[in-house]
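Student: I would like to learn how to read the features of a protein model. Could we go through one together, step by step?
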Amino acid sequence: MRRVLKIGLFLLVAGLIGGAIVKMNQTLSVKQEQAAKRQKRPDLSPIQFTKPTNPAQDMIDGKPTLIILFDPDCEHCQYEAEQLQTHHQAFAKASVYLLTTQTPARAQAFSLHYGLDTLAMMHVGTLTREESYRAFGATSVPHIFIYGSDGQLRKEYKGETMIEALLNAL
């Protein structure tokens, strides 16, 4: 009887360890898949922007692209918007896209509040959670992606980021 219990315990532990290894491999695979999604600038044409814009033209013009995933109620996102507005001249040779999963009305109000709608290089838009996940994987806000003129990811920042770091990565 003891021998059966020992074998049963051994099989239980082995099964738990095996299950944990499988789960870790699945998690790693998902993270690698998401990282691969981010390597190339996503197609921004389906996104609804608060002002007319042509994201494809940026690629043709060879401009670097800064994409910021934000939420209008996030104080870190609000700080980033203030800094972008204050230092907008430093971003003159880039295109900056601020994207939210909130409603177009909230995106428009955010754009107006921070004066982003008046700046040619700044574009505020909305996308669905599904579109955001397809393009960038799991993210938090603010989440910043900097793509070079070749459309390849140069740098990724999670959370509030100093404006100097963004400019250095461009």
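Tutor: Let us begin with a term: helices, of at least four residues, and strands, of at least two, are DSSP runs numbered from the N terminus. In this model, which is predicted, L12 lies in helix α1, residues 2-38.

Student: Which residues form a nonpolar patch on the surface?

Tutor: L12 is one of them, and together L9, L12, V13, L16 and I17 form this patch, with about 490 Å² of accessible area.

Student: What does L98 touch, leaving out residues up to four places away in sequence?

Tutor: With those left out, L98 touches I68, F70, L84, F110, L116, M122, H123, V124 and G125.

Student: How many aromatic pairs does the structure hold, and how is such a pair described?

Tutor: The structure holds five aromatic pairs. A pair of aromatic rings is described by the distance of the centres and the angle of the planes. For F49 and Y97, the ring centres are 5.6 Å apart and the planes stand at 55°, so this pair is tilted. The pair links distant parts of the chain, since F49 is in strand β1 (residues 48-49) and Y97 is in strand β3, 48 residues apart. Both F49 and Y97 are buried.

Student: How are the rings of F136 and F145 arranged, and why does F136 count as buried?

Tutor: F136 and F145 form a stacked pair, with 4.7 Å from centre to centre and 20° between the planes. F136 counts as buried because its relative accessibility is 1%, and F145 counts as buried because its value is 0%, where the cut-off for buried is under 20%. Elsewhere, F70, F110 and Y114 form one aromatic cluster.

Student: Which peptide bond is cis?

Tutor: The bond from V141 to P142 is cis, with omega near -10°, and P142 is found in the loop between α5 (129-136) and β5.

Technical notes:
Residues are numbered from 1 along each chain as its sequence is written. This is a predicted model: local features need pLDDT of at least 70, side-chain atom pairs count only at pLDDT 80 or more; totals for chains, interfaces and linings use all residues. Side-chain values use heavy atoms; hydrogens and water are left out. Contact means heavy atoms within 4.5 Å. Rings of Phe, Tyr and Trp (its six-membered ring) pair if their centres lie within 6.5 Å; planes under 30 degrees apart count as stacked, over 60 as edge-to-face and the rest as tilted. Buried means under 20% relative accessible area, exposed over 50%, partly exposed in between (1.4 Å probe, protein chains only). Patches are made of residues with over 30% relative accessible area and no salt bridge: like charges are joined within 9 Å, nonpolar side chains (Val, Leu, Ile, Met, Phe, Trp, Tyr) within 5 Å. Accessible areas come from the Shrake-Rupley method with a 1.4 Å probe; for residues, only the protein chains shown count as cover. A salt bridge is a side-chain nitrogen of Lys or Arg within 4 Å of a carboxyl oxygen of Asp or Glu.
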